[in-house]
Amino acid sequence: MAARVAAAPGARDDLAAAYRRLNAAYQQTLRYAEDVRRLYQQVQRSIYQSLLGLANALEAKDPYTRGHSERVGAASRSLAQALGLPPHEAEMIGQAGLLHDIGKIGVPEAVLRKQGALDEDEWALMRKHPLIGAQIVAPFEFFAGGAVTIRYHHERCDGTGYPDGLAGDAIPIGARVVAVADVFDALTSDRPYRAALSQEAALDHLGRQAGRTLDARAVAAFVALARELSPATPHVGARPVLAAANAPAR
Ligand SMILES: [Fe+2]
């Protein structure tokens, strides 16, 4: 058995000094790691801001969709949270909701602004927007889940959607969440071809689509959420809600 040798006082001092140096270097590394993390978040925020700028540019092209992206983003985040998805996933789904139609940047304005029904060629152009949107955000690796969500936000649970005709759980959950928020916001906004529906009428419509075109669990959670928030958010899209005081006198 090797005999234990007590370190001489000088060697102990050297060891203590080496430990202090090592510890200082470790603390410095932690500070660098923190700086890198903060810079990475700043870069992410800047990229989101730039993409948001693009989304706003898109809305400037089409007055009927003004505010749509922000509302769909906020509703998608709340719905993802209500479904119990992890916070980072709910955040990603909220961002994807905000940017879901960004691919319409690549759709001709004449098609976007057309008042009447679209013909077959125009529909073919319109149906490209989820793919174009996914391509726009594809270079940002940290937003890979967002690219997938954007790509599939027009898929339908019964398989009749686009671009790939996915059905049921094959559609990523983020895309199923954004689809519910998107349909609700479209229904409660004025469009060139129809006036906005009331919140109740829109929720009834979602209920009828639950388990057909829309995810049943997402619809149930959305309806519960909307009813809970209803008194605080009387907004029903681009058309202002008539306050009781403005109602015609009897
Ligand atoms: Fe869309």
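In the predicted model, helix α8 passes helix α9 in a right-handed crossing, where right-handed means that the near helix is turned clockwise from the far one by less than a right angle, and left-handed that it is turned anticlockwise. On the α8 side the contact uses V180, V183, F184 and L187, and these meet A202, H205 and L206 of α9; two residues count as touching if their C-beta atoms, placed from the backbone, lie within 7 Å. By class, that makes six nonpolar residues, one polar and no charged ones. (Nonpolar covers Ala, Val, Leu, Ile, Met, Phe, Trp, Tyr, Cys and Pro; charged covers Asp, Glu, Lys and Arg; the others, Gly among them, are polar.) Helix α8 spans residues 173–187 and α9 residues 199–209, and they pack at an angle of about 140 degrees with axes 9 Å apart. Axes here are lines fitted to C-alpha atoms, for helices over the stretch in contact, and angles run from 0 to 180 degrees between N-to-C directions. The two helices are therefore oblique to each other, given that under 35 degrees counts as roughly parallel, over 145 as roughly antiparallel, 65 to 115 as roughly perpendicular, and the rest as oblique.

A word on ground rules. Residue numbers start from 1 along each chain as its sequence is written. Since the model is predicted, local features need pLDDT of at least 70 and side-chain atom pairs count only at pLDDT 80 or more, while totals for chains, interfaces and linings use all residues.

As for the overall picture, the protein has ten helices and zero strands; helices (H or I, at least four residues) and strands (E, at least two) are DSSP runs, numbered from the N terminus. Among contacts between residues at least 6 apart in sequence, 61% join residues at least 24 apart.

Another helix pair is α2 (residues 68–82) with α3 (residues 87–98), packed at about 160 degrees with axes 7 Å apart. That angle makes α2 roughly antiparallel to α3. The residues of this contact divide into seven nonpolar, seven polar and four charged. Among the α2 residues involved are S76, R77 and A80, and among those of α3 are E89, I93 and L98. This crossing, too, is right-handed.

The largest nonpolar core holds 39 residues, and L79, V177, V180, A218 and F222 touch the most other members. (A nonpolar core is a set of buried Ala, Val, Leu, Ile, Met, Phe, Trp, Tyr and Cys residues joined through C-beta atoms within 7 Å.) Helices that each supply at least two residues include α1 (9–61), α6 (129–137), α7 (144–151) and α10 (216–229), but the largest share, eight residues, comes from α8. Leaving out residues up to four places away in sequence, V177 touches S76, L79, A80, L83, I93 and A218.

In the one between α3 and α4 (109–112) sits V107, which is buried because 20 other C-beta atoms lie within 10 Å. Beyond four places in sequence, V107 touches L112, L125, M126, K128 and H129. V107 and K128 are 21 residues apart in sequence but 7.9 Å apart in space, C-alpha to C-alpha. The loop between α7 and α8 contains P163, joined to Y162 by a cis peptide bond with omega about 10 degrees.

Definitions and conventions:
A residue is buried if 20 or more other C-beta atoms lie within 10 Å of its own, exposed if 12 or fewer, and partly exposed in between; C-beta atoms are placed from the backbone.
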